[in-house]
Amino acid sequence: MTVSRLTIVADENIPALESLFRGFGTLRTCAGRSMSTADLQDADVLLVRSVTQVDQALLAGTPVRFVGTATIGTDHIDQAWLQQQGIGFSSAPGCNADSVVEYVLSSLLQLAAAQSFDLFDKVVGIVGVGNVGGRLQQRLQALGIRVCLCDPPRQNAEGGDFMVLDEVLAQADILALHTPLTRSGAWPTHHLLNRDNLPKLKQGAILLNAGRGPVIDNQALLDVSRQRPDLMLIMDVWEHEPAVDPQLAARCDIATPHIAGYSLDGKIRGTWMLYQALCRHLGQAVEIELEQVLPPSTVCALTLADANDLLTPARLVYDPYRDDRALRSVLHLADTEQRLAFDRLRREYPERREYSTLEVQVQADGAVDRLRALGFRCHPQAKGREVADD
C-alpha cells in the first residue's frame, strides 16, 4: 500500500479518526452496523468496532488489505479468513480495560451505598482474568478486598491459585464476568452461566456482566431471578443486542446499554492503538502520541472533606445510574425502535473520563492509599491551603 494514496473506511463512531488518520490519505466514515461490501469497493483499510461483522461475506472482492478493530474483543472478526487472504489485522487489547474496571467499581460503590453493605467485607469472584479481569483483580487487592479467580486457560498455562467455576460460585458475594465469547475450544464461554449453575449463586449475591452478553443465558437468568429475589444484577451487556429484554432489565439493579468501556480515554486509546498498528504495517514511524489527541478533563481536581468517602470522587467521574436511566427510558418502545434507540444511546454517548483524570486531595494521610488504589491521582492536602501543589 502506498501511504499517500490510502483510502480508509471507518465506523463513524470511532473517535479521533481525523487527528490520527487524515495523514494517510482519504478517510471516509459510515454506520458500523449497516456497513456493506458496497462501502468498501475502493477501501485499502477498514476500521471497525464490535457492531461490524468482518468476514468473507463483507470483504470478498474488495481491495482491503488491513483491518483494525478499536475493541478488546475480536469475536466479530474472522481472523482465520483474514490470515488466509494475507490481510493485516490488529485489535486494541487493553484499550478500554480501565474504563470497564471503573464501570465495575463505580457500580459496586453505588450499589453498596444504595443497599447499605460494606464492599470491603465482600468476596469478589472474577471469571476471565485477562486485560480487564486482571486489572480489576489488581485494584480490588490493592483496596484490601478478597478475590477468587476463574480462568481455565490461564490455569492450564500458568498454574496458580485459580478455581473452577463452581468453587467461585460457592465463595463469591460478587461475581464479575470478563471472559471473551467463545463457542468451542478449551473453554467455551457461550452460556457459561446457565440453568444448571445460576441457582448456585450465593444468597444475596451480586452478578455483574460487563463482558459479553451471551456468556449468560439471559432467559435462564430471568427465570432464576424470578425465583431468587435475593440476587442483585448489574448488566451492561445483553444476549441479543441491540435488543434488550425489558423483563430482565426490570429485575436489574443497574442496567446499561453496553457502555462499560465507553470512557473517552479508552475509546481514543483504542483508535491510537490502531494508528500505531497501521504505522507498523506500513513500516513507518509513529509520529503522534496519545497525549496529543486526549483533551483535558472538564473537572480535574477535588478536595474531599470526608477521607472515607470513596463514592463522591467515583460518582463525580462516572455515575452508572445516568446510563441506567437512559436505557430504561427506551425499553417501552417497540422492538425495532428499541434496537435503534439502543444504538443511539451508544452513538451519542456523553463524554466520560477515567479516574486518573481527577486529582483528589484529602486531609487524612490514610485515605490516600485507598483513593490511589481506586485509580485517582491523590495526595494529602497541604496544611493551611485549600489546594495542594502538583
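A cavity, as I use the word here, is a set of grid points where a 1.4 Å probe fits but cannot get out. The model I am showing is predicted, and the largest cavity in this model has a volume of about 40 Å³. The count comes to 2 cavities of 30 Å³ or more.

Start with that largest cavity. What lines it? The residues are Leu 105, Leu 109, Leu 119, Phe 120, Leu 140, Leu 143, Ile 145, Leu 310 and Leu 374. By class, that gives 9 nonpolar residues, with no polar and no charged ones. Phe 120 has a further contact to point out: the charged end of Arg 370 sits over the ring of Phe 120, 3.6 Å from the ring centre.

The second largest cavity has a volume of about 30 Å³. Its lining is made of Ser 99, Glu 102, Tyr 103, Ser 263, Val 317, Tyr 318, Arg 352, Arg 353, Glu 354 and Tyr 355. Here the division is 4 nonpolar, 2 polar and 4 charged. Helix α4, residues 97-115, supplies the largest share of this lining, 3 residues. Two of the lining residues, Arg 352 and Tyr 318, also meet as a charge and a ring: the charged end of Arg 352 sits over the Tyr 318 ring, 4.0 Å from its centre.

A search of the whole structure finds 6 of them. I will go through two.

In the pair of Phe 21 and Tyr 275, the ring centres are 6.3 Å apart and the planes stand at 80°, so the pair is edge-to-face. Ring pairs join Phe 21, Phe 24 and Tyr 275 into a cluster.

The other pair is Tyr 355 with Phe 376. Their ring centres are 4.4 Å apart and their planes are at 15°, so this pair is stacked. Tyr 355 lies in the loop between α14 (335-347) and β13 (359-362), and Phe 376 in the loop between α15 (366-374) and β14 (377-380), so the pair ties together parts that are 21 residues apart in sequence. Both Tyr 355 and Phe 376 are buried.

About 880 Å³ of space lies in the largest pocket. It is lined by 43 residues, and those nearest its centre are Thr 71, Ile 72, Gly 73, Asn 96 and Arg 212. The elements giving two or more residues to this lining are α5 (131-142), α10 and α14. Which of them gives the most? That is α10, with 4 residues. By class, the lining has 18 nonpolar, 18 polar and 7 charged residues.

The second largest pocket holds about 400 Å³ of space. It has 19 lining residues, and nearest its centre are Ser 50, Asp 75, His 76, Arg 212 and Glu 241. They divide into 6 nonpolar, 7 polar and 6 charged.

Glu 241 brings up the backbone. Most residues other than glycine have a negative phi, and most peptide bonds are trans. The bond joining Glu 241 and Pro 242 is cis, with omega about 5°. Pro 242 lies in the loop between β10 (232-235) and α9 (246-250).

There are also positive phi values to report. Ser 116 has a phi of about 55° although it is not a glycine. It lies in the loop between α4 and β6 (123-127), and at 67% relative accessibility it counts as exposed. His 191 has a positive phi near 55° and lies in the loop between β8 (174-177) and β9 (206-209). With a relative accessible area of 23%, His 191 is partly exposed.

Last, the annotation. An unreviewed UniProt entry lists residues 37-301 as "domain: D-isomer specific 2-hydroxyacid dehydrogenase catalytic". In the model, the end C-alpha atoms of residues 37-301 lie 47 Å apart, and the span is 35% helix and 14% strand. UniProt, again in an unreviewed entry, places "domain: D-isomer specific 2-hydroxyacid dehydrogenase NAD-binding" at residues 114-260. For that span the end C-alpha atoms are 20 Å apart, with 29% helix and 16% strand.

Terms used: Residues numbered from 1 in each chain as written. Predicted model: local features only at pLDDT ≥ 70, side-chain atom pairs only at ≥ 80, totals over all residues. Heavy atoms only, no water. UniProt positions renumbered as here; feature names shortened; annotations may be inferred. Phe/Tyr/Trp six-rings, centres within 6.5 Å; stacked < 30°, edge-to-face > 60°. Buried < 20%, exposed > 50% of the residue type's maximum accessible area, 1.4 Å probe, protein only. Lys NZ or Arg CZ within 6 Å of the ring centre and 35° of its normal. 1 Å grid on protein atoms, 1.4 Å probe; cavity = no way out; pocket = protein on both sides within 12 Å on 5 of 7 lines; lining within 4 Å. Points joined across faces, edges and corners; volume = space filled by probe spheres on them. Nonpolar A, V, L, I, M, F, W, Y, C, P; charged D, E, K, R; others polar.
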